[in-house]
Amino acid sequence: MAKMVQSFASPQQIQHVRYDGEGNSFPLYDETDLLEAKDILGFKVKFPLALQGKGLTLINSTLLKAGDQNTGFSFRQSSDALWNSYRARYDSPIYDLNDELSLYQSQAPLFDAAKLTYIRKLEMNGIEISAYTDNSHLYFGPLYSGNGTTKVKSQTYYLWKQEDIYYAAIFLGMDQNQEANLKALVSAPLEELG
């Protein structure tokens, strides 16, 4: 056990990471990782930090590789994708504990809209966005509220294509202010890195 504990390293201690990864997904810890992810993806990425001003904190950023054999991910995408996760602050007056927003971006559609239940269409900044729900929980299992009840959290999927990139914003809970957060995602600039 002591040998295993001694092998742990904080993200700041990880140096000289190999990015070929033999097809495996990898977390992004710093701008070097993000630059490498952008090169692998082959397009400029959105990395909207502005959501933090809306009571959300970036908790995770991962390059999802197509064909990754890691079974810890909720679904299998057909091409490489960037996945950013934002979570509500623990003391949020707006959101419930563990409410989460995930933003996926890829050169191919990430979710099969035919397997989702259509809700409505929106238009923001000239971009057409389709909203869906996943009543059968095909992509993510049911999530329960963290306030001691057994209420299942809502799952809303917003899918759109912008500048030849496919985006998916999945709101797990966060029933308030979805459209304001969605607008921040759509209007976020593409990163000019490197």
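R87 and E100 form a salt bridge, with their closest N and O atoms 2.4 Å apart; the term here covers a side-chain nitrogen of Lys or Arg within 4 Å of a carboxyl oxygen of Asp or Glu. The pair links distant parts of the chain, 13 residues apart, with R87 sitting in strand β3 (residues 81-88) and E100 in strand β4 (residues 100-106). Strands (E, at least two residues) and helices (H or I, at least four) are simply DSSP runs, numbered from the N terminus. E100 is buried at a relative accessible area of 12%, while R87 comes out as partly exposed at 29%. For these labels, buried is under 20% relative accessible area, exposed is over 50%, and partly exposed is in between (1.4 Å probe, protein chains only).

All of this comes from a predicted model, where local features need pLDDT of at least 70 and side-chain atom pairs count only at pLDDT 80 or more, although totals for chains, interfaces and linings use all residues. Residues are numbered from 1 along each chain as its sequence is written, and side-chain values use heavy atoms, with hydrogens and water left out.

β3 and β4 pair in the antiparallel sense over seven bridges, pairing being called when DSSP finds at least two bridges between two strands. β4 also pairs with strand β8 (residues 165-172), again antiparallel and over seven bridges; there, Y104 has A168 as its bridge partner.

Seven of the seven residues of β4 are buried, so the strand is largely enclosed by the rest of the structure. E100, S102, Y104 and S106 point one way, and L101, L103 and Q105 the other. Leaving aside neighbours within four places in sequence, S102 is in contact (heavy atoms within 4.5 Å) with W83, N84, S85, A168, A169 and I170.

Across the whole structure, the search turns up four salt bridges. One of them joins R120 and E179 at 2.8 Å, N to O. R120 lies in strand β5 (residues 117-124) and E179 in helix α3 (residues 178-187), so this pair ties together parts 59 residues apart in sequence. R120 is partly exposed at 31%, and E179 is partly exposed at 36%.
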